[in-house]
Amino acid sequence: MASLMLENALARLDGALAQLEAAARRRVDAERGRANLETELALMQDDRARLAAELDGATARLGDVETAAADVDQRLQRAMNVIGAVIARAQPDSEPQVGDGDEPGELEPAYSEPGEAGAGLREPVLRER
């Protein structure tokens, strides 16, 4: 009977040791998993900081591009206004009537030949007929 009680006690001790070992394994695995999660979190925080810096740089470049675009728009508007004013001044107050060419002094529009001043651009020139 003492031997039976001793065997039962040893069996319970083996069971308890097995449970303790299992608990220790779970704890070690949990700690490893936690370390992996902390490493992963640190990597994600580094990525987030890098992406935030890149976003700040891109936002700054976008601001520069928008400023340059607004400057170009203003310059184009001024250039168009100047060109419009030059064209308005170049046009006579009353346009000459193109007739049959019988009247002396009548003006007729002609164009300069390519190769003359303007390197191939055709500019209107008024010549007397």
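**The chain at a glance**

In other words, the chain holds one helix and two strands; helices (H or I, at least four residues) and strands (E, at least two) are DSSP runs, numbered from the N terminus. This is a predicted model, where local features need pLDDT of at least 70, side-chain atom pairs count only at pLDDT 80 or more, and totals for chains, interfaces and linings use all residues. Residues are numbered from 1 along each chain as its sequence is written, and side-chain values use heavy atoms, with hydrogens and water left out.

**How confident is the model?**

- The chain averages a pLDDT of 80, and 72% of the residues score at least 70; pLDDT is the predictor's confidence in each residue, from 0 to 100.
- Confidence is highest in H1, at 94, and lowest in strand S1 (residues 107-111), at a mean of 43.
- Over residues 103-129, pLDDT stays under 50, and the model has 40 contacts beyond four places in sequence for them; a contact means heavy atoms within 4.5 Å.
- Where pLDDT is low, the predicted coordinates should not be read in detail.

**Surface and contacts**

- Buried residues make up 2% of the 129 residues in the chain; buried means under 20% relative accessible area, exposed over 50%, and partly exposed in between (1.4 Å probe, protein chains only).
- The chain exposes about 11500 Å², and carbon and sulfur atoms supply 58% of that area; accessible areas come from the Shrake-Rupley method with a 1.4 Å probe, and for residues, only the protein chains shown count as cover.
- Among contacts between residues at least 6 apart in sequence, 11% join residues at least 24 apart.

**A nonpolar patch**

- Leu-6, Leu-10, Leu-13, Leu-17 and Leu-20 make a nonpolar surface patch of about 480 Å².
- Patches are made of residues with over 30% relative accessible area and no salt bridge, where like charges are joined within 9 Å and nonpolar side chains (Val, Leu, Ile, Met, Phe, Trp, Tyr) within 5 Å.
- One of the patch members, Leu-17, has its place in helix H1 and is partly exposed, with a relative accessible area of 40%.

**Salt bridges**

- How many salt bridges does a search of the whole structure find? The search finds six; a salt bridge is a side-chain nitrogen of Lys or Arg within 4 Å of a carboxyl oxygen of Asp or Glu.
- Glu-31 and Arg-27 meet through their side chains in a salt bridge (3.6 Å, N to O). The two are separated by about one helical turn because Glu-31 and Arg-27 are four residues apart in helix H1 (residues 2-90). Glu-31 is partly exposed at 41% relative accessibility, while Arg-27 is exposed at 57%.
- Asp-29 and Arg-32 also pair their side chains in a salt bridge (3.4 Å, N to O). Both lie in helix H1, three residues apart, about one turn of the helix. Asp-29 is partly exposed, with a relative accessible area of 44%, and Arg-32 is exposed, with 52%.
- Arg-50 and Asp-47 form a salt bridge between their side chains (3.8 Å, N to O). Arg-50 counts as partly exposed at 43% relative accessibility, and Asp-47 counts as partly exposed at 37%. Salt bridges that share partners join Asp-47, Arg-50 and Glu-54 into one network.
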